[in-house]
Amino acid sequence: NVNFNLFGCNAYGSKDNGFYFVDSFGTAKGCSGSYNDGDGFNVHSFDNQKGCYIDLIDCVGDDNYGIGQGNDGVSYHEKSRGRIIGGEYLRNTKYDIVHIQTAEVQHYNVKCGTMQLQLSGASSDLINTQIINVVADSINVEPTLSRVNITLSNCLADSISLKGSGEINGVISDNTTNSIYSKASGTRNFIG
């Protein structure tokens, strides 16, 4: 495990990820991971005993171009945790912000293109997430089996989609959107 604090660091033009955090605990503030042939910020938690918690504060993950499978502005994987506060994630070839497996991330005051939460855990997994004051082209929450508690509020998005075979419960309120889609085989229970 690594504990760190990064301030104003830049990763441009890498043949891989700009920043790659594995089983670490720390903060990246004012950092930029752009124009990489990989993710701008890639977070993994392979060690289930020690975990991983990464805060990205006022960071930029733009224009990561990836050939083939495409690449993201920021991605959290496995059981990683953290917060994305401020910053922007735009024009990446796959997703601008993506979380998969049982990653549990809180989002505040972020600007992005696509936000994709592809949460796939066991039916006993409970994932908490907040998406507050986010400006996005699209916000998509898609749990498979797992249960998601969500607060989605004060966001501006062209579309919001809550679907999948998992369960989504929470508060959906005060969002401005052209469309909201909430049809899926899992349970939906919203207060808003």
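Q: Which residues make the nonpolar surface patch?
A: Tyr12, Tyr35, Tyr65 and Ile67 make it. The patch covers about 470 Å². Keep in mind that this is a predicted model.

Q: Where is tyrosine 65 placed?
A: In a loop. That loop runs between strand S7 (53-57) and strand S8 (74-76).

Q: And how does tyrosine 65 count by accessibility?
A: Tyrosine 65 is partly exposed, because its relative accessibility is 32% and that class lies between 20% and 50%.

Q: OK, inside now. How many residues are in the largest nonpolar core?
A: It has 39 residues. Leu56, Tyr89, Ile131 and Ile139 have the most contacts inside it.

Q: Take leucine 56. What does it touch, leaving out residues up to four places away in sequence?
A: Its partners include Phe21, Ala28, Phe41, Val74 and Tyr76. Arg83, Ile84, Ile85 and Tyr89 are also among them.

Q: How much of the protein counts as buried?
A: 51% of the 192 residues.

Q: Switching to the fold. How many helices and strands are there?
A: Zero helices and 21 strands.

Q: What share of the contacts with a separation of 6 or more comes from residues 24 or more positions apart?
A: 38% of them.

Q: Last one: why does the radius of gyration agree with a compact globule?
A: Because a compact globule with 192 residues would have a value near 16 Å, and the protein has 16 Å. Its C-alpha atoms fill a box of roughly 40 × 40 × 30 Å along the principal axes.

Notes:
Residues are numbered from 1 along each chain as its sequence is written. This is a predicted model: local features need pLDDT of at least 70, side-chain atom pairs count only at pLDDT 80 or more; totals for chains, interfaces and linings use all residues. Side-chain values use heavy atoms; hydrogens and water are left out. Patches are made of residues with over 30% relative accessible area and no salt bridge: like charges are joined within 9 Å, nonpolar side chains (Val, Leu, Ile, Met, Phe, Trp, Tyr) within 5 Å. Accessible areas come from the Shrake-Rupley method with a 1.4 Å probe; for residues, only the protein chains shown count as cover. A salt bridge is a side-chain nitrogen of Lys or Arg within 4 Å of a carboxyl oxygen of Asp or Glu. Helices (H or I, at least four residues) and strands (E, at least two) are DSSP runs, numbered from the N terminus. Buried means under 20% relative accessible area, exposed over 50%, partly exposed in between (1.4 Å probe, protein chains only). A nonpolar core is a set of buried Ala, Val, Leu, Ile, Met, Phe, Trp, Tyr and Cys residues joined through side-chain atoms within 4.5 Å. Contact means heavy atoms within 4.5 Å. The radius of gyration is taken over C-alpha atoms; the globule rule is 2.2 Å times the number of residues to the power 0.38.
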